[in-house]
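This briefing covers strand pairing, the nonpolar core, aromatic pairs and backbone exceptions, in that order. The sequence and structure come before the points.

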Amino acid sequence: MSSTTETTTKEDEVPKLSVVVEFSGGLEMLFSDQRRHSLSIPAADKEGKPVTIAYLIKYLCDHTMNDSRKELFVLEAHLRPGILVLVNDADWELEGEEDYEIQAGDNILFVSTLHGG
């Protein structure tokens, strides 16, 4: 008689949020040359608080970015100056910037305004 047991990890048990993250202005090259990413991210951070844009930025660097040049996206653990962020087509400055709490179904667009010359 054989028995099977299913193993679940803590990550499997964490509630998730489905969000769409888009990159433009050259940032897509840091993310496998893919402009649009449909992601399922944890709904809460390690302290149990709702995830924010700051969390998403770190999550993107750790889980989505395949390029080693993270400094083109983040600088000192914050989004690099010169990158505009739109949350559901609204400037993130109106939403609280890095403190904005991500909601299921959000569309977050990162646009680089930095161009070589």
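Strand 1 (16-24) and strand 7 (107-112) pair in the parallel sense over 5 bridges. Two strands count as paired if DSSP finds at least two bridges between them, and helices (H or I, at least four residues) and strands (E, at least two) are DSSP runs, numbered from the N terminus. The model is predicted, so local features need pLDDT of at least 70 and side-chain atom pairs count only at pLDDT 80 or more, while totals for chains, interfaces and linings use all residues. Residues are numbered from 1 along each chain as its sequence is written, and side-chain values use heavy atoms, with hydrogens and water left out.

**Strand pairing**

- Glu-22 has Leu-109 in strand 7 as its bridge partner.
- Strand 1 also pairs with strand 2, here in the antiparallel sense and over 7 bridges.
- Opposite Val-20 stands Ser-38 in strand 2.
- Ser-112 belongs to strand 7 and is buried, with a relative accessible area of 9%; buried means under 20% relative accessible area, exposed over 50% and partly exposed in between (1.4 Å probe, protein chains only).
- Leaving aside neighbours within four places in sequence, Ser-112 is in contact with Ser-24, Gly-25, Leu-27, Gly-82 and Ile-83, where contact means heavy atoms within 4.5 Å.

- The buried residues of helix 2 are packed against strand 1, strand 2, strand 3 (74-75), strand 4 (78-79), strand 5 and strand 7.
- Among the buried residues of helix 2 are Ile-53, Leu-56, Ile-57, Leu-60 and Cys-61.
- The largest nonpolar core has 28 residues, and Ile-41, Leu-60, Phe-73, Ile-102 and Phe-110 have the most contacts inside it. Such a core is a set of buried Ala, Val, Leu, Ile, Met, Phe, Trp, Tyr and Cys residues joined through side-chain atoms within 4.5 Å.
- At least two residues of this core come from each of strand 1, strand 2, helix 2, strand 5 and strand 7, and helix 2 supplies the largest share, 6 residues.
- Leu-60, with neighbours within four places in sequence left aside, is in contact with Val-21, Phe-23, Phe-31, Leu-39, Met-65, Phe-73 and Phe-110.

**Aromatic pairs**

- The structure holds 6 aromatic pairs. Rings of Phe, Tyr and Trp (its six-membered ring) pair if their centres lie within 6.5 Å; planes under 30 degrees apart count as stacked, over 60 as edge-to-face and the rest as tilted.
- Phe-23 and Phe-31 form a stacked pair, at 3.9 Å centre to centre and 5° between the planes; both residues are buried.
- Tyr-55 and Tyr-59 are also stacked, at 6.3 Å centre to centre with 25° between the planes.
- Both tyrosines lie in helix 2 (residues 53-64), 4 residues apart, about one turn of the helix.
- Tyr-55 counts as partly exposed at 25% relative accessibility, whereas Tyr-59 is buried with a relative accessible area of 15%.
- Phe-23, Phe-31, Phe-73 and Phe-110 are linked into a cluster by ring pairs.

**Positive phi**

- Most residues other than glycine have a negative phi.
- Asp-33, although not a glycine, has a positive phi of about 55°. Asp-33 sits in the loop between strand 1 and strand 2 (36-42) and is exposed, with a relative accessible area of 63%.
- Asn-88 is not a glycine either, and has a positive phi of about 50°. The loop between strand 5 (83-87) and strand 6 (90-91) holds Asn-88, which counts as partly exposed at 38% relative accessibility.
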